[in-house]
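Welcome! Please take a moment to look over the sequence and the model, and then let us walk through a few local features together.

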Amino acid sequence: MNQVGSVVVKKAARIAGLSVMLSVGVVLAGCQSDPDIDISKLAAETEPPEVLYNQGLANIKAGNMGEASRKFDAVDAQHPFSEWSRKALVMSTFTKYRLGRYADAISTGNRYMSLYPKSEDAAYAQYLVGLSYWKQISNVTQDQRNSVKTIEAMERVVNEFPDSEYVDDAQAKIRFARDQLAGKEMQVGRYYLERKEYLAAVSRFRVVVEQYPNTNQIEEALARLVEAYFAMGVVSEAQAAAAVLGHNYPDSQWYADSYALLQRGGVEPRENTGSWITRAGRRLLIGT
């Protein structure tokens with residue numbers, strides 16, 4: 001199990017509560033000793049909330065996440081707004097996440113946050129929402145709406161629960177999602193560049209430089225701006241992009257290639273104080 005999975009599971013166990021877990025062990029042991037009892041088929045319609053909740057925990061312990069999720073949902077449906085319901089909502093979010101039912105986990109986690117935004121488990125519920133979006137991020141050739149949603153969800157973890165144990169990983173997930181968004185812009189920009197649609201390409205690379213300067217796409221974005229502007233004959237902007245690239249990443253292969261391209265045209269990198277690229281370059285220095 002990776003570090004993220006370990007944190008998620010440990011927190012779920014803490015929410016369940018040690019004393020409750022101990023009682024569940026007894027329940028589970030009793031069920032396992034009676035061949036006529038199948039814990040996956042225990043009735044959920046008329047049980048008290050603590051019994052349903054314990055059955056949910058027993059099913060987790062037995063590895064029956066789907067049945068556990070149904071038990072926790074039954075607590076919420078039959079005993080809404082109770083303390084048992086509050087705890088069951090968190091555990092329901094957890095089990096749905098573990099089952100890969102990410103849309104359901106997001107819906108349940110968001111419901112928890114709307115009802116209990118200041119509770120002791122709110123940071124965990126919000127983190128599970130963020131993880132559920134993060135798990136659905138696709139490669140940069142596909143739609144990146146889940147990257148946007150990951151950033152929104154994890155920024156809420158960072159901003160509203162700055163002292164929680166999830167902040168570091170939330171920030172890591174934000175960085176990853178921003179890299180994906182920048183990568184998507186680069187992928188589209190390269191598409192236009194290959195087809196010599198230079199203005200369209202520049203607009204995409206500009207987004208990366210201005211909106212995603214601290215991602216792993218920035219060096220290539222600046223180099224592609226040099227290439228696109230130079231091909232358009234807008235030499236001063238090509239020089240400005242190369243100057244920013246060289247100032248921030250002097251040892252980069254992207255800078256070496258950009259410098260060589262300009263030299264073939266008889267020019268060198270040069271700052272242009274009137275260029276948007278130079279202004280963006282100053283912000284890049286501040287950000288690093």
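Predicted model: local features only at pLDDT ≥ 70, side-chain atom pairs only at ≥ 80, totals over all residues.

Does K196 count as buried or exposed?

K196 counts as exposed, because its relative accessibility is 61% and exposed means over 50%. You can find K196 in the loop between α9 (167-194) and α10 (198-211). Its backbone is worth a look too: K196 is not a glycine, yet it has a positive phi of about 60°.

Now turn to F81, which lies in the loop between α4 (65-78) and α5 (83-98). F81 has a phi near 70°, a positive value in a residue other than glycine. With a relative accessible area of 62%, F81 is exposed.

## A pair of packed helices

Two packed helices are described by the angle between their axes and the distance between the axes. Here, helix α12 (residues 235-248) packs with helix α13 (residues 253-264) at an angle of about 150°, and their axes are 10 Å apart. That angle makes α12 roughly antiparallel to α13, because angles over 145 degrees count as roughly antiparallel. The crossing of α12 and α13 is left-handed.

Which residues make the contact? From α12 come A238, Q239, A242, L245 and G246, while α13 brings W254, Y255, S258 and L262. Sorted by class, the contact of α12 with α13 has 6 nonpolar and 3 polar residues, and no charged ones.

Notes
Residues numbered from 1 in each chain as written. Heavy atoms only, no water. Axes fitted to C-alpha atoms, helices over the stretch in contact; angles between N-to-C directions. Helix = DSSP H or I, 4+ residues; strand = E, 2+ residues; numbered from the N terminus. Parallel < 35°, antiparallel > 145°, perpendicular 65-115°, else oblique. Left-handed = near helix turned anticlockwise from the far one by under 90°. Contact = heavy atoms within 4.5 Å. Nonpolar A, V, L, I, M, F, W, Y, C, P; charged D, E, K, R; others polar. Buried < 20%, exposed > 50% of the residue type's maximum accessible area, 1.4 Å probe, protein only.
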